[in-house]
Amino acid sequence: MSVSVKQLMAAANDAVPKISAEEARKLVAKGALLVDVRDGTEVAKSGKLKGAVHVSRGMIEFRADAETPYHDPQFSKDRPVILYCASGGRSALAGKVLKDMGYMNVHNLGGFKDAADAGLEVEPA
């Protein structure tokens with residue numbers, strides 16, 4: 001059975017709650033991991049939210065899995081994770097993958113520009 005992008009997005013949005021910039025700020029202050037899943041060229045052009053780790057959407061599974069040589073130790077299944085991209089689609093899909101991998105506390109901040117416009121600080125890539 002094939003699945004459409006629309007169906008994948010619906011499942012991702014159902015699984016991963018969307019949060020506001022203020023909610024993200026509070027979670028980060030309590031130790032949540034902030035992850036930018038945009039492509040490197042996007043991050044290089046605009047910078048990233050302050051304190052965010054950049055992991056492109058295509059590498060999220062490898063960085064999040066402790067059994068791979070690409071694992072990033074900042075990823076821990078007991079640490080809240082907040083994801084964002086350009087508009088919220090890739091971050092929702094990445095969040096669904098993390099949920100499927102056993103990460104329980106995963107949130108979608110949505111789009112970079114919206115978060116920056118809402119007052120979250122930006123830093124160079």
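Analyst: Two strands count as paired if DSSP finds at least two bridges between them, and the strands themselves are DSSP runs of E with at least two residues, just as helices are runs of H or I with at least four, both numbered from the N terminus. The model discussed here is predicted, with local features needing pLDDT of at least 70 and side-chain atom pairs counting only at pLDDT 80 or more, while totals for chains, interfaces and linings use all residues. Residues are numbered from 1 along each chain as its sequence is written, and side-chain values use heavy atoms, with hydrogens and water left out.

User: How many bridges join strand β1 to strand β4?

Analyst: Strand β1, residues 33-36, and strand β4, residues 81-85, run parallel and are joined by four bridges; Leu-33, for instance, stands opposite Val-81 in β4.

User: What is the order of the strands in the open sheet?

Analyst: The four strands follow the order β3-β1-β4-β5 and pair in the parallel sense. The edges are formed by β3 (53-54) and β5 (106-111), each of which pairs on one side only. Between β4 and β5 the parallel pairing extends over five bridges, and Cys-85 has Gly-111 in β5 as its bridge partner.

User: How many of the residues of β4 are buried?

Analyst: A residue is called buried under 20% relative accessible area, exposed over 50%, and partly exposed in between, using a 1.4 Å probe and protein chains only. In β4, five of its five residues are buried, and the strand is mostly covered. The side chains of Val-81, Leu-83 and Cys-85 point one way from the strand, whereas Ile-82 and Tyr-84 point the other way, and all are buried.

User: Which residues is Leu-83 in contact with, leaving aside its neighbours within four places in sequence?

Analyst: Contact means heavy atoms within 4.5 Å. Leu-83, which belongs to strand β4, has a relative accessible area of 0% and is therefore buried. Once its neighbours within four places in sequence are set aside, its contacts include Val-35, Val-37, Ile-60, Ala-94, Leu-98, His-107 and Leu-109. Gly-95 is also in contact with Leu-83, and although these two residues are 12 apart in sequence, their C-alpha atoms are 6.9 Å apart in space.

User: Where is His-107 placed, and is this residue buried or exposed?

Analyst: His-107 sits in strand β5 and, because its relative accessible area is 12%, it is classed as buried. Not counting residues up to four places away in sequence, His-107 touches Val-16, Pro-17, Ile-19, Leu-27, Val-81, Ile-82 and Leu-83.

User: How many salt bridges does the structure hold?

Analyst: A salt bridge is a side-chain nitrogen of Lys or Arg within 4 Å of a carboxyl oxygen of Asp or Glu, and the structure holds eight of them. One of these joins Glu-61 to Arg-57, with 3.5 Å between the closest N and O atoms; Glu-61 is partly exposed at 25% relative accessibility, and Arg-57 is also partly exposed, at 21%.

User: Which helix holds both Lys-96 and Asp-100?

Analyst: Both lie in helix α5, four residues apart, about one turn of the helix, and their salt bridge brings the closest N and O atoms to 3.0 Å. Lys-96 is partly exposed with a relative accessible area of 25%, whereas Asp-100 is exposed at 56%. In helix α6 (residues 112-117), Lys-113 and Asp-117 are separated by about one helical turn because they are four residues apart, and they form a salt bridge whose closest N and O atoms are 2.8 Å apart. Lys-113 counts as exposed at 53% relative accessibility, and Asp-117 is exposed at 55%.
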